[in-house]
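Student: Could you walk me through this model, starting with the terms you rely on?

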Amino acid sequence: MHTPPRVRFAPSPTGPLHIGGARTALFNWAFAKGRAGAFLLRSEDTDRERSTEESERGILDGLRSLGLQWDEGPDLGGPHAPYRQSERLETHLGTAGQLRRAGWAYPCFCTSERLTALREAAQAAKQTPRYDGHCRDLSDEDAAAKITAGERFTLRFKLPEGETVFTDAIRGEVTFAHEELDDWIMVRADGSPTYNFVCVCDDLAMGITHVIRGEEHLVNTPKQILLFQVLGREVPTFAHLPLMLGKGGKKMSKRDNDTALAAYIAQGFPPEAILNYLALQGWALDGETEIFTPEVLVENFRLENVGKSGSIFDLEKFSWMAGEYLRAEPLSQTAERALPFVLAAGFTTEAELRADWPQFEAAVATTRERVRLYSEIPAQLAWLYEADDAVTFDEKAEANARKHGAEALALLGEFAEWVAPRLTAGEDAESLITATKAFVKEHGVKFPFLFQPLRCALTGKPGGPEIADLMALLGPERTAARLTHGARRLA
């Protein structure tokens, strides 16, 4: 019988949640949920200068917006609390002392000036900078004397000879020769522990069985495996996800604004589309199906099916998928999600929209075939909120209206008088459009002869919803007013 897995997403709260970090969280979540396991959230806030509460809240909010709920975390607590590394310092330093007493760590008194000179010499020789072990063989007595004298020191891990070999659940067998590594710092001179040390301490304390993270952490793995081993604990399964690459195969940086999850949410990408597209970054359901639910992902996700090569983050495909989700969701949901963007455009107030919500939903419905993002909806609805005597005429729309000459513009005025009683009588859209087509036929002209001036007068746009839908949204009084004013302006 297999023990349910325990996985963690452990972001550093030093900035916004990167879209690649959201993918890592998603894969951890899917792996755990598909095996009745636990998904933990841990805040790795050991960077004292850059970590902020605001960044942590942003990360939590971003994950929630995607529906990725954790089982234990800094906000929920849990049996292995606390879930912020800064609150576990006593435990970390206790483990550091344990390793020092066991001979796996030693104090290093090298000054920053010496280390800088060492690094510059290696770079000049075109070698990888490594610590030269200068303090590695200091006797306990000499080290104690330096400490008593007040010399500052770091605590370094004493790297054994040989190599570290492990099986990555995605990449297969991976080997690191120790001669390519060095005695790395576990605890800084100010007493703060470093990432590679504390994440092992916390993974042990929290019973993590699988470490699923980005490829950039692969170089840290031998250091961490050695810590598990010298502490006499079972090494978790490691799985390193492929890089997410931008246009041209360039690595997406977490410092780029357009790679922050919040940026895509702010642009109006449906969260379901974000989740779906992230699932395709390095994994595929069957090689053909591109749109699927989180439940399908959970049921089918396997680490061995994650690719090794970097995945291309194609914004055009991402936008396409966003549009597919937007059009498939309930209209009421689209309207609710579009609401903040419409309000931000300053067209009207929420109270006014709520007062006639069915009308707003009907307006939103006319946009769904032409948009991909919620943020694109306001531009599609701007015409509806303009003053009837001051509709902004698009240059192309006005040109289309005028190209048929004075006769067409005169017909627009005649149509305005003809349609007014039908609008007042509440004639439905289907009957109205049928009657309008008959009107056009009776006058012996082609549809564009009337419809292009008509569309310009109603919306000022060269294209858009069906004419009958436009008139239904405006209502009889506003439609009549726009036709009257439009006919005068175009005459």
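Tutor: Buried means under 20% relative accessible area, exposed means over 50%, and partly exposed lies in between, with a 1.4 Å probe and protein chains only. This is a predicted model, in which local features need pLDDT of at least 70 and side-chain atom pairs count only at pLDDT 80 or more, while totals for chains, interfaces and linings use all residues. Residues are numbered from 1 along each chain as its sequence is written, and side-chain values use heavy atoms, with hydrogens and water left out.

Student: OK, is F157 buried or exposed?

Tutor: F157 has 0% relative accessibility and therefore counts as buried.

Student: And how many aromatic pairs are there in the whole structure?

Tutor: A search finds 20 of them, where rings of Phe, Tyr and Trp (its six-membered ring) pair if their centres lie within 6.5 Å, and planes under 30 degrees apart count as stacked, over 60 as edge-to-face and the rest as tilted. The rings of W104 and F157 are stacked, because their planes are at 10°, with the centres 6.1 Å apart. This pair links distant parts of the chain, 53 residues apart, with W104 in the loop between helix 3 (89–101) and strand 3 (105–108) and F157 in strand 4 (residues 154–157); helices (H or I, at least four residues) and strands (E, at least two) are DSSP runs, numbered from the N terminus.

Student: Why is the Y264 and F318 pair tilted?

Tutor: Their planes are at 55° and their centres 5.5 Å apart, so the pair counts as tilted. Y264 belongs to helix 8 (residues 261–266) and F318 to helix 11 (residues 315–328), 54 residues apart, and both residues are buried. Ring pairs also link Y264 and F318 with F269, Y277 and F313 into a cluster.

Student: Switching topic, which charged end sits over the ring of F393?

Tutor: That is R489, 3.8 Å from the ring centre, the criterion being NZ of Lys or CZ of Arg within 6 Å of the ring centre and within 35 degrees of the ring normal. K146 likewise lies over the face of F109, at 5.7 Å from the ring centre.

Student: And where does helix 20 kink?

Tutor: The kink, of about 115°, lies at G475, shortly before the proline P476, where the bend is the angle between axes fitted to the seven residues ending there and the seven starting there.
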